[in-house]
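Please open the structure in your viewer and keep the selection tool at hand.

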Amino acid sequence: MLGIIASIIDGVLVGLVYGLAAMGLTLIWGVMDVINLTHGTMIVAGMFALYLITSAFGISPYLTLPPVLIGGFVAGVALYSVAVHRMIGRPPLMSLLSTFAVNLVLIGIGTGIWGTVLFNVSVSVPGITIGRYTFPGAHIVAAVLAAVIAACLYAFLQRTRLGKAVRAVANNREAAELVGIPTTKVLAIAFGCGVALACVSGVLIGTLFPFTVLTGDGYQLKSFIVTVLGGFGNPLGALLGGVALGLLEGLVAPFLPVSWTLVIEFVLFVLVLIAFPGGVFAFRRRAI
């Protein structure tokens with residue numbers, strides 16, 4: 001029984017990181033109705049930035065978060081200009097195909113440089129031992145940092161002038177333009193923030209698990225599941241959805257092989273789409 005509880009707690013810790021990753025995906029959808037299919041690749045970009053920076057400078061993995069956040073934002077704005085800006089207002093399939101094409105290019109470049117070799121970043125953080133069970137320190141730190149970053153995003157959207165502009169554009173772009181909000185600039189900033197969140201979550205995931213250039217597909221699928229649980233366009237719901245997914249993984253782990261986890265997650269995905277098309281954690285008031 002204690003082993004199951006320990007597995008659940010550890011699953012929730014990892015789930016907070018899943019939630020942070022999905023917040024970037026759902027933020028972009030909520031503001032501009034664009035499904036960013038480079039999301040998984042941006043998560044991997046954060047992982048490789050973590051590996052390259054720590055290898056080059058020998059610093060703590062967590063000190064890579066600020067430069068990755070800034071670099072991810074710049075990359076997101078550039079990606080918006082190249083692949084998304086001209087697709088705004090067109091059918092969603094257009095932006096989906098555009099970001100999918102960029103995703104294939106990025107994966108091709110990454111595979112050409114690094115191949116599909118497995119990379120790993122060594123993290124030394126003392127764990128917490130309760131009875132016979134030890135909770136990895138890296139999982140605890142990653143969960144805390146994910147919660148802090150999510151809180152910062154919430155404060156940005158709710159308390160700052162620019163964040164309020166993002167919410168205004170998300171709710172009614174035409175009305176926002178009428179009151180003088182530079183919507184094109186706001187859309188680029190929102191997309192940049194979404195990509196930055198994906199990169200930062202990649203850093204945190206990279207401190208927990210090994211990765212390859214192709215790892216992003218799995219985390220992108222998890223982000224879609226979390227986004228459906230939380231409701232598209234609902235960052236807070238995405239965080240709760242991530243916790244729910246982590247809780248599910250923690251419950252399943254003691255009883256079934258790991259290979260069954262993804263099957264159960266996709267069954268949950270389909271059931272939620274049928275029973276709660278708006279999301280299990282969707283609220284009446286839009287979160288953005």
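**Stop 1**

Select Glu177 and Arg173: both belong to helix 7 (residues 173-178) and stand 4 residues apart, about one turn of the helix. Helices here are DSSP runs of H or I with at least four residues, numbered from the N terminus. The model is a predicted one, in which local features need pLDDT of at least 70 and side-chain atom pairs count only at pLDDT 80 or more, while totals for chains, interfaces and linings use all residues. Residues are numbered from 1 along each chain as its sequence is written, and side-chain values use heavy atoms, with hydrogens and water left out.

Now display the two side chains. Those of Glu177 and Arg173 meet in a salt bridge, at 3.6 Å from N to O. A salt bridge is a side-chain nitrogen of Lys or Arg within 4 Å of a carboxyl oxygen of Asp or Glu. Glu177 is partly exposed, with a relative accessible area of 41%, and Arg173 is also partly exposed, at 26%. Buried means under 20% relative accessible area, exposed means over 50%, and partly exposed lies in between (1.4 Å probe, protein chains only).

**Stop 1: a network of salt bridges**

How many salt bridges does a search of the whole structure find? The search finds 3. Select Lys222, Glu249 and Glu265, which are linked in a network of salt bridges.

Begin with Glu249 and Lys222, whose closest N and O atoms are 2.6 Å apart in their salt bridge. Glu249 lies in helix 10 (residues 235-252) and Lys222 in helix 9 (residues 216-230), so this pair ties together parts that are 27 residues apart in sequence.

Turn next to the salt bridge between Lys222 and Glu265, where the closest N and O atoms are 3.3 Å apart. This pair links distant parts of the chain, with Lys222 in helix 9 and Glu265 in helix 11, 43 residues apart.

Are Glu249 and Lys222 buried or exposed? Both are buried. Lys222 has a relative accessible area of 14%, and Glu265 counts as buried at 0%.

**Stop 2**

Remain in helix 9 and select Asp217. Asp217 counts as partly exposed, at 44% relative accessibility.

**Stop 3: a nonpolar patch**

Select Phe255, Leu256, Trp260, Val263, Val267 and Leu271, which make a nonpolar surface patch of about 590 Å². Patches are made of residues with over 30% relative accessible area and no salt bridge; like charges are joined within 9 Å, and nonpolar side chains (Val, Leu, Ile, Met, Phe, Trp, Tyr) within 5 Å. Accessible areas come from the Shrake-Rupley method with a 1.4 Å probe, and for residues only the protein chains shown count as cover.

**Stop 4: a residue in a loop**

Finally, select Asp33, in the loop between helix 1 (2-32) and helix 2 (39-57). The phi of Asp33 is near 55°, a positive value in a residue other than glycine. Asp33 counts as partly exposed, at 43% relative accessibility.

Conventions: Helix = DSSP H or I, 4+ residues; strand = E, 2+ residues; numbered from the N terminus.
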